Amino acid sequence: MIEVLRAGALTTVQDQGRPGWAHLGVPRSGALDPAALRLANRLVGNDEHAAGLEITMTGCVLRFTRAVAVALTGAPAEVVVEWPPPGARRRPGDVGRPLALPAGAVLRVGPARAGVRTWLAVSGGITVEAVLGSRSTDTLSGLGPPPLRDGDRLPLGIPDGPPPPVDLTVTEPLPDELRLTVRPGPRQGWFTPQALSLLCGNAYTVSPDSNRVGARLAGAALPRAVAGELPSEGLVLGAVQVPPDGQPLVFLADHPTTGGYPVVGVVDDVTPLAQARPGATVTFHGPQR
Amino acid sequence: MRIRPVGTHALLLDCDDPEQVEAWRAELWHRRASGELTATEIVPGAVTVLLDGVPDPEAAAARIAGWRPRAADSGAATEEVRVPTVYDGEDLPRVAAHWDTDVPAVVDRLRRTEFRVAFCGFAPGFAYLTGLPPELAVPRLATPRTRVPAGSVALAGPYAGIYPAASPGGWLLVGRTDLPLFDVRADPPARLTPGTRVRLVDAP
């Protein structure tokens, strides 16, 4: 069992999401950086599809009622383990390295030093009830468990076996500048011929309104060639949708399944946006560069 | 029908009309079930069908271009869901004004219409129902309600829809139903899936 002593600003249960239900209006959801959560799971000996926690910006404090292995990936943060009884002994930990904790230990994850999100895997995985094949919290539709609150208790599964003997994990450092590869979207024709070169020729700033649904960007407005409303159509992860104000929005894991604003481009890999702080600079490039 | 690439793993089929969407939706689901097509998602829209999670979109597009969907099923073979409806929505007079008629005539029209689920979206289990003629399209509220109760039967544009759960919404309310529309333990979880025929019958 995990006891949530301090939930933080937004800590959610996430796994690899619930693909395959978009035709019923169910978003895919899942960790914003699925590879980072998979790595954390591997470090504690879990199946890659096990559920862990996605911790946003302000960190969290957790107590484990039984001995566990934990691993953190993603945004760097101060990690401190307090051994039982409470306050008896403190030991620092590291993002990117597995930690063995005795029963009763408290794990303190500090605020992200860079980036936004840190993923935590626990041996055995978090076994809240699965909904449509996934334990992920979907912040758009409300499926899955609600975001963590202080005092919550989360069930843990039985570990498959001991964690692999790993001392060190090599992960790419968070980039200073977010460079995204974008391809022309299905509704490029709804924009002026200059729209894609404006998107690729100007730096954009991540807006504070960004969340798990999408990264809202501020910068050069993308001019429309066709006025009016687009009939609703299916949306993919990474779709760059442009509302009437011309400011692009890149859809992330909790994006709606259909939408009525035209999609000017599609980003190949959105995982860098999981670490995009408000005010961060984003540049777009064609696939050839 | 025209096929457009969408990113690295998706295709969008641009159809001529909603009937062609339904024909392609049914054809693609059938081809996927028979193993001729690999796609994680096949998502109908108003005049499109999205295929996502396609390993080789270029090859898939070439194959799809050679397929001819059968005409959309006229309905005899597909399931009909009867939705017990109480017609007491507060926007009935507004709909009557748009349709240039009175409230009993609006209710009679809705009662007699054979609807079909064109596509889902907005929320899990929310189905866009077609069947009303385009000239009866109604505008959304200028200011959406902050909370529309679960089970509300409503109209917007050329569509009818039923809110599976309470949510904000700008559709015009014409009635309500107690029929559960989305249940994660049911298979399928949505009562109204694309292609389903729907009748808004009087609640007993």
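This is a predicted model: local features need pLDDT of at least 70, side-chain atom pairs count only at pLDDT 80 or more; totals for chains, interfaces and linings use all residues.
Residues are numbered from 1 along each chain as its sequence is written, chains are lettered from A and ligands numbered from 1 in the order in which they are written, and side-chain values use heavy atoms, with hydrogens and water left out.

The area buried between the chains is about 2,300 Å². Buried area is the accessible area (1.4 Å probe) that two parts lose on being put together, summed over both. Carbon and sulfur atoms give 65% of this area. On the chain A side, His23(A), Leu24(A) and Pro186(A) supply 25% of the area that chain A buries against chain B, more than any other three residues.

Three salt bridges cross the interface of chain A and chain B (a side-chain nitrogen of Lys or Arg within 4 Å of a carboxyl oxygen of Asp or Glu). Arg28(A) and Asp52(B) meet in a salt bridge, at 3.5 Å from N to O.

The structure holds 32 salt bridges over all chains. In chain A, Glu3(A) pairs with Arg153(A) in a salt bridge, with the closest N and O atoms 3.0 Å apart. Glu3(A) lies in strand S1 (residues 2–6) and Arg153(A) in strand S11 (residues 153–154) of chain A, so the pair ties together parts that are 150 residues apart in sequence. Strands are DSSP runs (E, at least two residues), numbered from the N terminus.

A cavity is a set of points where a 1.4 Å probe fits but cannot get out; a pocket is an open set with protein on both sides within 12 Å along at least five of seven lines. Lining residues have an atom within 4 Å of a point. Grid points are joined across faces, edges and corners, and a volume is the space filled by probe spheres set on the points.

The largest pocket has a volume of about 1,400 Å³. Its lining counts 46 residues; Ser232(A), Phe122(B), Tyr128(B), Arg140(B) and Trp171(B) lie nearest its centre. This lining divides into 30 nonpolar, 13 polar and three charged residues. S11(B) gives the largest share, three residues.

Three cavities of 30 Å³ or more were found. Strands S3 (41–44) and S4 (48–52) of chain B each supply at least two of its lining residues. The second largest cavity holds about 60 Å³. Pro186(A) is among its lining residues.

Most residues other than glycine have a negative phi, and most peptide bonds are trans. The bond from Pro84(A) to Pro85(A) is cis, with omega near -10°. The bond from Asp187(B) to Pro188(B) is also cis, with omega near 0°. Met57(A), not a glycine, has a positive phi of about 60°.

Note on methods: On a 1 Å grid over the protein atoms alone, a cavity is a set of points where a 1.4 Å probe fits but cannot get out, and a pocket is an open set with protein on both sides within 12 Å along at least five of seven lines; lining residues have an atom within 4 Å of a point. Helices (H or I, at least four residues) and strands (E, at least two) are DSSP runs, numbered from the N terminus. Ala, Val, Leu, Ile, Met, Phe, Trp, Tyr, Cys and Pro count as nonpolar, Asp, Glu, Lys and Arg as charged, and the others, Gly among them, as polar.
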